[in-house]
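Subject: Handing over a structure, with notes

Dear colleague,

I am passing on a structure that I would like you to have to hand while you read these notes. Please open it first, and then go through what was found in it.

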Amino acid sequence: MSLILRNLQQVVPLRRAPLRKRVEIIREIMRIQKFDLGLICVDNSRIQHINNTYRHKNIPTDVLSFPFYEAYELPGQLLHPDECNLGDIFLGVEYLMRQCEEEGRDFYNTLTVVSAHGICHLLGYKHETEEEWKQVWCNGEHSDYQINTQHI
């Protein structure tokens, strides 16, 4: 199915083709390529507004995920196998760019890991405890490793 990638910000120069390629590889690795996915890149102002509206945290953040279906019996197991929409991920690209500049990290590698992290949330993974955080983070690192070994 389709990956919809929208850039709704003008603060950070963003090349969508490399991000699209990497997210398509993530979808293949996670075996979710038959599902629709929205990836929306926004600035600090917009992600802060969304974060405040839905999480009551009036600060910018790196990623927010909005699954099409909220309830999963087990993380990674879709409740509606005939439904082909995972949901939408909002990437705070301005926030991420500042983090990358401060920590000396590659922007597109960071976008890749954060996108994988967002997909994990769409699949029902949460990280309210340390153990849950390790599970979600390891999934993201595993995806990043596989993507990097494919020489993107």
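Predicted model: local features only at pLDDT ≥ 70, side-chain atom pairs only at ≥ 80, totals over all residues.

Of its 152 residues, 43% count as buried.

Two helix pairs deserve a description, and both involve H4. Two packed helices are described by the angle between their axes and the distance between the axes.

In the pair of H3 (residues 93-103) and H4 (residues 107-122), the axes come within 10 Å and cross at roughly 125°. Because angles over 145 degrees count as roughly antiparallel and those from 65 to 115 as roughly perpendicular, this value makes H3 oblique to H4. The crossing of these two helices is right-handed. On the side of H3 the contact is made by Val93, Leu96, Met97 and Cys100, while H4 brings Phe107, Thr110, Leu111 and Val114 to it.

H1 passes H4 in a right-handed crossing. From H1 the contact takes in Pro18, Leu19, Arg22, Val23 and Ile26, and from H4 it takes in Tyr108, Asn109, Leu111, Thr112, Ser115, Ala116 and Ile119. Here the residues divide into eight nonpolar, three polar and one charged. Leu111 is named in the contact of H4 with H3 and again in the contact of H4 with H1.

Two residues of H4 can be looked at individually. Thr110, which is found in helix H4, has a relative accessibility of 6% and therefore counts as buried, the cut-off being under 20%. Leaving aside residues up to four places away in sequence, Thr110 touches Leu96, Cys100 and Arg105, and Leu96 and Cys100 belong to the H3 side of the helix contact described above. The C-alpha atom of Thr110 is separated by 9.3 Å from that of Gln99, eleven residues apart along the chain.

Ser115 also lies in helix H4, and with a relative accessible area of 0% it is buried. With residues up to four places away in sequence again left out, Ser115 touches Leu19, Val23, Ile26, Leu39, Ile89 and Leu91. Among these partners, Leu19, Val23 and Ile26 are residues that H1 contributes to its contact with H4.

How many disulfides does the structure hold? The count is zero. As for individual cysteines, Cys84 has 24% relative accessibility and so counts as partly exposed, whereas Cys100, at 3%, counts as buried. Cys100 is also one of the H3 residues in the contact with H4.

Most residues other than glycine have a negative phi. Arg31, however, has a positive phi of about 60° although it is not a glycine. Arg31 lies in the loop between helix H1 (16-29) and strand E2 (36-42), and its relative accessibility of 71% means that it counts as exposed. His56 is another residue other than glycine with a positive phi, near 55°. His56 is found in the loop between helix H2 (44-55) and strand E3 (63-67), and it is exposed, with a relative accessible area of 68%.

Phe35 lies in the loop between H1 and E2, which is also the loop that holds Arg31. Is Phe35 buried or exposed? At 5% relative accessibility, Phe35 counts as buried. Phe35 and Asn85 are 50 residues apart in sequence, yet their C-alpha atoms are 5.3 Å apart in space.

Technical notes:
Residues numbered from 1 in each chain as written. Heavy atoms only, no water. Disulfide = S-S within 2.5 Å. Buried < 20%, exposed > 50% of the residue type's maximum accessible area, 1.4 Å probe, protein only. Axes fitted to C-alpha atoms, helices over the stretch in contact; angles between N-to-C directions. Helix = DSSP H or I, 4+ residues; strand = E, 2+ residues; numbered from the N terminus. Parallel < 35°, antiparallel > 145°, perpendicular 65-115°, else oblique. Left-handed = near helix turned anticlockwise from the far one by under 90°. Contact = heavy atoms within 4.5 Å. Nonpolar A, V, L, I, M, F, W, Y, C, P; charged D, E, K, R; others polar.
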